Amino acid sequence: MKPIIGIVASFDWETGALTINDTYVKRIREAGGIPVAIPPLLGITDVIEAIDGLIIPEGPDIHPRYYGDTLSDKIEWLDIQRDEFELTLIKAALEKDLPMLGIGRGAQAINVALGGSLYQDVSEIPKAIRHNWLKNGKFLVHPAAKVHEVRIKLDSLLFEILRENLNVESTSEVFIGVNSFHHQAIKKLGNNVKPVAYAEDGIIEAIEVEGRFAIGVQWLAEYLDEMEPLFRALVKKALEYKKKKLGLLGSKNNSIDLPVEEL
């Protein structure tokens, strides 16, 4: 029995092309799951019923109207249809306790779906280091290049998952190098969202949703071999979810506070 991991795909509204990064496909297959592309055009209920785990990948900026802000000239590119689809999907996934991993934009989307907000550009943050190593959609460095460090809290699910590949030198946190390709960042934390990793300039680099297997990281984890346990953990949790769904395991109901406002 293998769990189905849905990966939200990018949809080109001009050509009709649907794409996902094949690196995700490789990671999920190696972890024992079945990767499936999800077009941002399907019904949310159909998607939730079909999958056992969810990846919200990197992508365009999230329109600031979804976190109560006005559009600025710092926004680079938008896909409002994807915004609406993903934010609704994330809320539905959390209600069902569906295991979820957010990468880059995906981490930001989880935060916004739970009522949080974003910096429209890291230049809004005093003394921010460079986080965006993309230009016109092209990598300026190798996608696996570790351009800065983050410190991960030891009292986090993220640390527990990655600890086999980490060198712990303190009692409260551990430092790792990451590949960084984002120009936006988490500002106000959403409901039940816990920051679990920071860059040296204080920018939040990873989050978790309390009481859920819902983790978001700002770096492109799919390109780093040492992040392989993160995908294995997602697939393992998704298999547990699948067994519960099929009645092969007992179920457990956990509640979470979601924003009342409709998208």
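The secondary structure of the protein chain comprises six helices and 15 strands, where helices (H or I, at least four residues) and strands (E, at least two) are DSSP runs numbered from the N terminus. The model is predicted, so that local features need pLDDT of at least 70 and side-chain atom pairs count only at pLDDT 80 or more, while totals for chains, interfaces and linings use all residues. Residues are numbered from 1 along each chain as its sequence is written, and side-chain values use heavy atoms, with hydrogens and water left out.

Of the 263 residues in the protein chain, 51% are buried. In this account, buried means under 20% relative accessible area, exposed over 50%, and partly exposed in between (1.4 Å probe, protein chains only). The protein chain exposes about 12300 Å², of which carbon and sulfur atoms supply 49%; accessible areas come from the Shrake-Rupley method with a 1.4 Å probe, and for residues only the protein chains shown count as cover. Among contacts between residues at least 6 apart in sequence, 71% join residues at least 24 apart, a contact being defined by heavy atoms within 4.5 Å.

When neighbours within four places in sequence are left aside, Val217 is in contact with Gly102, Ile103, Gly104, Ala107, Leu158, Glu205, Ala206 and Leu230.

The axes of α1 (residues 22–30) and α6 (residues 228–245) come within 8 Å and cross at roughly 65 degrees. These axes are lines fitted to C-alpha atoms, for helices over the stretch in contact, and angles run from 0 to 180 degrees between N-to-C directions. The crossing of α1 and α6 is right-handed; a crossing is left-handed if the near helix is turned anticlockwise from the far one by less than a right angle, and right-handed if clockwise. Tyr24, Arg27 and Ile28 in α1 meet Glu228, Phe231, Leu234 and Val235 in α6. By class, this contact has five nonpolar, no polar and two charged residues, where Ala, Val, Leu, Ile, Met, Phe, Trp, Tyr, Cys and Pro count as nonpolar, Asp, Glu, Lys and Arg as charged, and the others, Gly among them, as polar.

Glu222 is placed in the loop between β15 (214–217) and α6. At 0% relative accessibility, Glu222 counts as buried. Neighbours within four places in sequence aside, Glu222 is in contact with Asn21, Thr23, Tyr24, Arg27, Glu58, Ile103 and Phe231. The C-alpha atoms of Glu222 and Thr23 are separated by 6.2 Å, although these residues are 199 residues apart along the chain.

Two further buried residues were considered. His148 belongs to strand β10 (residues 148–153) and has a relative accessible area of 5%. A distance of 5.6 Å separates the C-alpha atoms of His148 and Gly177, which are 29 residues apart along the chain. Asp201, in the loop between β13 and β14 (204–209), is buried with a relative accessible area of 16%. Asp201 and Val150 are 51 residues apart in sequence and 9.5 Å apart in space, C-alpha to C-alpha.

Several loop residues are partly exposed. Asn165, in the loop between α5 (157–162) and β11 (173–178), has a relative accessible area of 40%. Residues up to four places away in sequence not counted, Asn165 touches Glu226 and Pro229. Asn165 and Met227 lie 8.4 Å apart, C-alpha to C-alpha, and 62 residues apart in sequence. Asp97, in the loop between α3 (80–95) and β6 (100–103), has a phi near 60 degrees, a positive value in a residue other than glycine; its relative accessible area is 23%. Asn192 likewise has a positive phi, of about 65 degrees, although it is not a glycine. Asn192 lies in the loop between β12 (185–186) and β13 (193–199), and its relative accessibility is 26%.
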